[in-house]
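Thanks for making time this morning. I will walk through one protein chain, and you can follow on the screen.

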Amino acid sequence: MNYEDKRLEALNSYEILDTSPEIEFDNITFLASTLCNTPISTITLVDKYRQWYKSKIGIEARESSRETSFCSLAMEKSSETIVIEKLMEDEDFRKVGLMNGLTDSGFYAGVPIKENGTGLILGTLCVIDYKNNSLSESQIKSLEILAEQTSKLFEMRRRFKKLTKNNEYLNLRYSELEKFAGVISHDMKSPLNNIISLIKLLKDDVDHKLSSDSIEYIDHIEECSIQLKNYIDGLLNFYKNDNIDFSQKNELIVSSLIDEIKLMQNDFTNVNVNYQSDYDTININKYALIQILHNLIGNGIKYNDKEIVEIKIDFSENASYYIIKVTDNGIGIETKDFLEIYESFKILNVKDRYGNYGTGLGLSTVKKIVDKLNGRIEITSELKKGTTFTLFLAK
């Protein structure tokens, strides 16, 4: 590939040709024209057959052919700054000047705009005058600085476009994954519930008729089925939260909220839930708070080896946050696992009181909701004594 092909390939990679004016580039041509005291200034990009102005001052056209282009000629003559004080006395520039309506005098100065890294010339930052003119060293230096800033703006714009495309792609893929997970999870729940029910009926029917090994196999099938069901429920909740507007707030009665969450727990045998609150009502998204407390209380029950499970919930507030502490007397969490417990699908090598491993979705769902509520979550824990989650939820 020759130089010109490489240059055009680089230029096209910016996806900037024929785009609308942008204030960042217009500011540069304004400064260039002001600093050099010229009526015309342009940021010119040279395509295969034309020159196109990303920004311009003092001319009406948006583009013209390369044959009539001072900038294209400047790029051919030099890869560095070029200043033509008496344009109509320069043999090459005079020809182009005549095509642009100049007769006796004229001035041109152009600084190449180069691609970072490769040095390929994309176009120029130029200033033009209808009369002969000259630039001081400081004016030339200023023009070169502005051209360098233009190059950086091009690169920033290209990176932003790339990030935007990647983000659109990721959003599309995430949306497809969300739909897939929802459909698959929903379609799996019904037959799985049937399997669990049939296993229970089978166990009742064959009681004392099978060997101890066979009963153990059936128990293992039931355990795996329940664990899979919990995983599917967690998956549905995890993705469902993406489509909920958590900015909608409700005034909730704290005591009724706690009673509602108690009813949601699968097993409430030998469980005491006590709460203390500085207020009777709380103004927050109901679904969000129920999901948070349901998961934290559920974990406090499941990961607990005490005969009596104790869950304590404290509600308080400051000027900016509702502060909710959920404390249990469970098995505790090792300090080294504090960050990992919020990762989606991260499963610690710990079985719950029913002999099942977690799904890795409960606490990640809590963290996801807390983030959407513009809050944060803190944890303290001591092995064999219990864990406290402290939630700061924005008012």
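I will start with the chain as a whole and then go through a few local features.

First, the ground rules. This is a predicted model, in which local features need pLDDT of at least 70 and side-chain atom pairs count only at pLDDT 80 or more, while totals for chains, interfaces and linings use all residues. Residues are numbered from 1 along each chain as its sequence is written, and side-chain values use heavy atoms, with hydrogens and water left out.

Now the overall picture. The protein chain has nine helices and 13 strands; these are DSSP runs numbered from the N terminus, with helices being H or I of at least four residues and strands being E of at least two. Of its 395 residues, 41% count as buried. Buried means under 20% relative accessible area, exposed means over 50%, and partly exposed is in between, using a 1.4 Å probe and protein chains only. The chain exposes about 21,800 Å², and carbon and sulfur atoms supply 52% of that. Areas come from the Shrake-Rupley method with a 1.4 Å probe, and for residues only the protein chains shown count as cover. Among contacts with a separation of 6 or more, 66% are between residues 24 or more positions apart, a contact being heavy atoms within 4.5 Å.

Next, helix α8. This helix covers residues 286-302, 17 residues in total, and reaches 24 Å from its first C-alpha to its last, close to the 24 Å expected at 1.5 Å a residue. The expected span is 1.5 Å times one less than the number of residues. Is α8 enclosed or open? It is largely enclosed by the rest of the structure, because 13 of its 17 residues are buried. At its start, a side-chain oxygen of N285 comes within 3.2 Å of the backbone nitrogen of Y287.

On to N133, in the loop between β6 (121-129) and α5 (137-205). Its side chain makes a polar contact of 3.0 Å with that of D129. A polar contact is a pair of N or O atoms within 3.5 Å; within protein, one must be able to donate a hydrogen and the other to accept it, and residues adjacent in sequence count only if both atoms are side-chain atoms. Beyond its neighbours within four places in sequence, N133 touches C36, N37, T38, E85 and F107.

Then the salt bridges. How many does a search of the whole structure find? There are 22, each a side-chain nitrogen of Lys or Arg within 4 Å of a carboxyl oxygen of Asp or Glu. One of them joins E317 and K395, at 2.6 Å from N to O. E317 lies in strand β10 (residues 309-317) and K395 in the segment after β13 (386-394), so this pair ties together parts 78 residues apart in sequence. E317 is partly exposed at 39% relative accessible area, and K395 is also partly exposed at 39%. Another bridge joins D47 and R50, with the closest N and O atoms 3.4 Å apart. Both D47 and R50 are buried. E382 is partly exposed at 43%, whereas K385 is exposed at 56%.

Last, L339, which sits in the loop between β11 (321-328) and α9 (362-372). With 73% relative accessibility, L339 counts as exposed.
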